[in-house]
Amino acid sequence: MNESQNNQIIELYRNVLTEDSVENVEELIRKLSTNISVQGNFDDLRAEGDAAHLLAINGFQVKMRESPDLQVQYADHRFFAEVKRFRRKKQDLIDEKNMEDAGDELVRIGDTTESEGILPWQQLISVIIKKLQSYHETGQYILIIVNDSDNCVWSMDVITALNQLMETKVESESDFQKLSGILFIDCMYNFREQRQIYFLPGPDPLPEEVAMALDLITKFPS
């Protein structure tokens with residue numbers, strides 16, 4: 001995309017989020033405008049707008065921030081959210097070509113060991129720890145993951161990462177206790193589970209009413 005197209009996208013986010021009654025929309029507009037010529041960063045920041053829109057249309061009050069990215073309220077409970085986009089990986093392209101070449105044969109996909117040195121669930125652990133180490137608010141906190149990697153990052157990877165953090169003594173164990181959950185927004189719709197979006201509770205659970213509202217979000221609006 002060029003800057004002209006990105007300017008149109010910025011205006012779209014301004015209009016949609018304003019209609020959603022999201023507060024402080026200009027904070028996102030400022031971030032997008034600053035990164036308008038760096039497409040990767042620009043698309044990463046768009047994920048913040050997508051997350052805000054998703055929460056707002058599902059009954060949450062949302063305010064855009066610098067850090068953490070979102071202040072969220074549901075009923076009388078306020079919490080914060082950091083948004084992380086997993087970009088499409090080099091391995092996604094490799095897997096696509098391998099599947100095309102294999103025809104009807106089964107092909108292993110999603111193994112990023114050779115291309116990135118670690119598996120996706122291990123990458124998720126690193127992301128979770130890094131985000132939690134920089135979190136200094138007193139309110140509860142969730143991580144929102146927007147996934148663009150259709151072959152390499154799945155909901156099971158998020159579950160594996162959370163389980164590993166809960167079971168393993170890690171250096172930032174005390175930081176992990178801050179996590180109230182992960183809202184995973186996949187790029188693919190799982191027809192068997194009838195979900196595209198998964199809420200996975202963390203060690204500092206949100207009130208049941210809030211967690212249930214997050215769990216009821218199953219699909220990104222078309």
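Colleague: What makes β5 and β6 a pair, and in which sense do they run?

Modeller: The model is a predicted one. β5 and β6 are joined by six bridges and run antiparallel; two strands count as paired when at least two bridges are found between them, so β5 and β6 qualify. Ile182, for example, stands opposite Leu200 in β6. The two strands form a hairpin with four residues between them, and Gln194 in this hairpin takes a positive phi near 55°.

Colleague: Why is β6 described as largely enclosed?

Modeller: A residue is called buried under 20% relative accessible area. Six of the seven residues of β6 are buried, and the strand is therefore largely enclosed by the rest of the structure.

Colleague: In what order do the strands of the sheet stand, and why are β1 and β6 called edge strands?

Modeller: The sheet is open, with six strands in the order β1-β2-β3-β4-β5-β6 and mixed pairing. β1 (61-64) and β6 (195-201) each have a single partner strand, so one side of each has no neighbour in the sheet, and both stand at its edges. On average, neighbouring strands are turned by 25° against each other, direction ignored.

Colleague: How do you know that β1 and β2 are paired, and what lies between them?

Modeller: Four bridges join β1 to β2 in the antiparallel sense, and since at least two are required, the pairing holds. Met64 has Leu70 in β2 as its bridge partner. The two strands form a hairpin with five residues between them.

Colleague: Why does Arg65 count as buried, and where is its place?

Modeller: Arg65 lies in the loop between β1 and β2. Its relative accessibility is 18%; the limit for a buried residue is under 20%, so Arg65 falls within it. Leaving aside neighbours within four places in sequence, Arg65 is in contact with Glu27, Lys31, Leu70, Gln71, Phe80 and Glu137. The C-alpha atoms of Arg65 and Asn24 are 7.4 Å from each other, although the two residues are 41 residues apart along the chain.

Colleague: Which residues of α2 are buried, and what covers them?

Modeller: In helix α2 (residues 25-34) the buried residues are Val25, Glu27, Leu28, Ile29, Lys31 and Leu32. Their cover includes α1 (3-19), α3 (39-57) and β1.

Colleague: What term describes the orientation of α1 and α2, and why?

Modeller: Their axes come within 10 Å and cross at roughly 170°. Angles over 145 degrees count as roughly antiparallel, and α1 and α2 are therefore roughly antiparallel to each other. The crossing is right-handed. Ile10, Tyr13, Arg14, Leu17 and Thr18 of α1 meet Val25, Glu26, Leu28, Ile29, Leu32 and Ser33 of α2. These contact residues comprise seven nonpolar, two polar and two charged.

Colleague: Why are α6 and α7 given the term oblique?

Modeller: The axes of α6 and helix α7 (residues 155-167) come within 8 Å and cross at roughly 60°. An angle under 35 degrees would be roughly parallel, and the roughly perpendicular range begins at 65; the value lies between these limits, and α6 and α7 are therefore oblique. α6 passes α7 in a right-handed crossing. From α6, the contact is made by Pro120, Trp121, Leu124, Ile125, Ile128 and Ile129; from α7, by Asp157, Val158, Thr160, Ala161, Gln164 and Leu165. Nine of these residues are nonpolar, two are polar and one is charged.

Definitions and conventions. Residues are numbered from 1 along each chain as its sequence is written. This is a predicted model: local features need pLDDT of at least 70, side-chain atom pairs count only at pLDDT 80 or more; totals for chains, interfaces and linings use all residues. Side-chain values use heavy atoms; hydrogens and water are left out. Axes are lines fitted to C-alpha atoms, for helices over the stretch in contact, and angles run from 0 to 180 degrees between N-to-C directions. Angles under 35 degrees count as roughly parallel, over 145 as roughly antiparallel, 65 to 115 as roughly perpendicular and the rest as oblique. A crossing is left-handed if the near helix is turned anticlockwise from the far one by less than a right angle, and right-handed if clockwise. Contact means heavy atoms within 4.5 Å. Ala, Val, Leu, Ile, Met, Phe, Trp, Tyr, Cys and Pro count as nonpolar, Asp, Glu, Lys and Arg as charged, and the others, Gly among them, as polar. Buried means under 20% relative accessible area, exposed over 50%, partly exposed in between (1.4 Å probe, protein chains only).
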